[in-house]
Amino acid sequence: HGSGDRFVRAERVRELPLCAAAWLMGCSSGAPAFAGEFELPTMHGSYLLGGSPAVIATLWDVTDGDIDRFCAALLERCSTHDGVSLPCALAHARSACKMAHLVGAAPVCYGIPARFYEAAQC
């Protein structure tokens with residue numbers, strides 16, 4: 001649920017020595033937080049400040065079944081299409097949701113359009 005900020009502090013994420021692309025699939029994990037006219041620090045922002053090239057997060061509440069289907073489709077696309085960009089994989093995965101225009105529209109990509117490549121053979 002949410003961005004995981006109950007389990008790890010945003011300050012700790014910002015101080016990570018190395019941070020891969022992050023997927024925050026909880027409800028409203030990518031929603032901005034405001035205090036008056038100022039935007040408060042967020043977990044997805046902390047990952048970007050901690051060096052993550054990209055963060056996938058949801059802008060509003062989502063159903064667990066649909067976000068599970070979305071996440072599985074995103075993972076499948078990233079793991080089977082060498083060189084695919086995260087935003088392209090995200091766009092493709094939206095169609096896996098039963099409510100594609102509601103739940104499928106909630107995930108967004110913050111950061112740069114990272115690409116996934118097959119690991120070099122040892």
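Biologist: How much accessible surface does the protein have, and what share of that surface belongs to carbon and sulfur atoms?

Modeller: Please note that this is a predicted model. The accessible surface of the protein is about 7400 Å², and carbon and sulfur atoms hold 60% of that area.

Biologist: Which secondary structure elements make up the protein, and in what pattern do they follow one another?

Modeller: There are 4 helices and 7 strands. Along the sequence the pattern reads α-β-β-β-α-β-α-β-α-β-β.

Biologist: What makes the protein as compact as a globular protein of its length?

Modeller: The globule rule gives 14 Å for 122 residues, and the radius of gyration of the protein is 15 Å; the two values are close, so the protein is as compact as a globular protein of that length. As for its extent, the C-alpha atoms fill a box of roughly 45 × 40 × 25 Å along the principal axes. Of the contacts with a separation of 6 or more, 75% are between residues 24 or more positions apart.

Biologist: How do you know that the buried residues of helix α4 line one face?

Modeller: Helix α4 spans residues 86–93, and its buried residues are Leu86, Ala89, Leu90 and Ala93. Viewed down the helix axis, these residues fall within an arc of 105 degrees, so they line one face of α4.

Biologist: Against which elements do the buried residues of α4 pack?

Modeller: They pack against β1, β4, α3, β5, β6 and β7.

Biologist: Why is Tyr117 called exposed?

Modeller: The term exposed requires a relative accessible area over 50%. Tyr117 has 60%, and is therefore exposed. Tyr117 lies in the segment after β7. Leaving aside neighbours within four places in sequence, Tyr117 is in contact with Asp82 and Gly83.

Biologist: Why is Arg14 called partly exposed?

Modeller: A residue is buried under 20% and exposed over 50%, with partly exposed in between. The relative accessible area of Arg14 is 29%, so Arg14 is partly exposed. Arg14 belongs to helix α1, residues 10–14. Not counting residues up to four places away in sequence, Arg14 touches Pro41, Ser46, Leu49 and Gly50. Between Arg14 and Leu48, which are 34 residues apart in sequence, the C-alpha distance is 7.8 Å.

Biologist: What share of the residues of the protein counts as buried?

Modeller: Of the 122 residues, 36% count as buried.

Notes
Residues are numbered from 1 along each chain as its sequence is written. This is a predicted model: local features need pLDDT of at least 70, side-chain atom pairs count only at pLDDT 80 or more; totals for chains, interfaces and linings use all residues. Side-chain values use heavy atoms; hydrogens and water are left out. Helices (H or I, at least four residues) and strands (E, at least two) are DSSP runs, numbered from the N terminus. The radius of gyration is taken over C-alpha atoms; the globule rule is 2.2 Å times the number of residues to the power 0.38. Buried means under 20% relative accessible area, exposed over 50%, partly exposed in between (1.4 Å probe, protein chains only). Contact means heavy atoms within 4.5 Å. Accessible areas come from the Shrake-Rupley method with a 1.4 Å probe; for residues, only the protein chains shown count as cover. The arc is that of the directions from the helix axis to the C-beta atoms.
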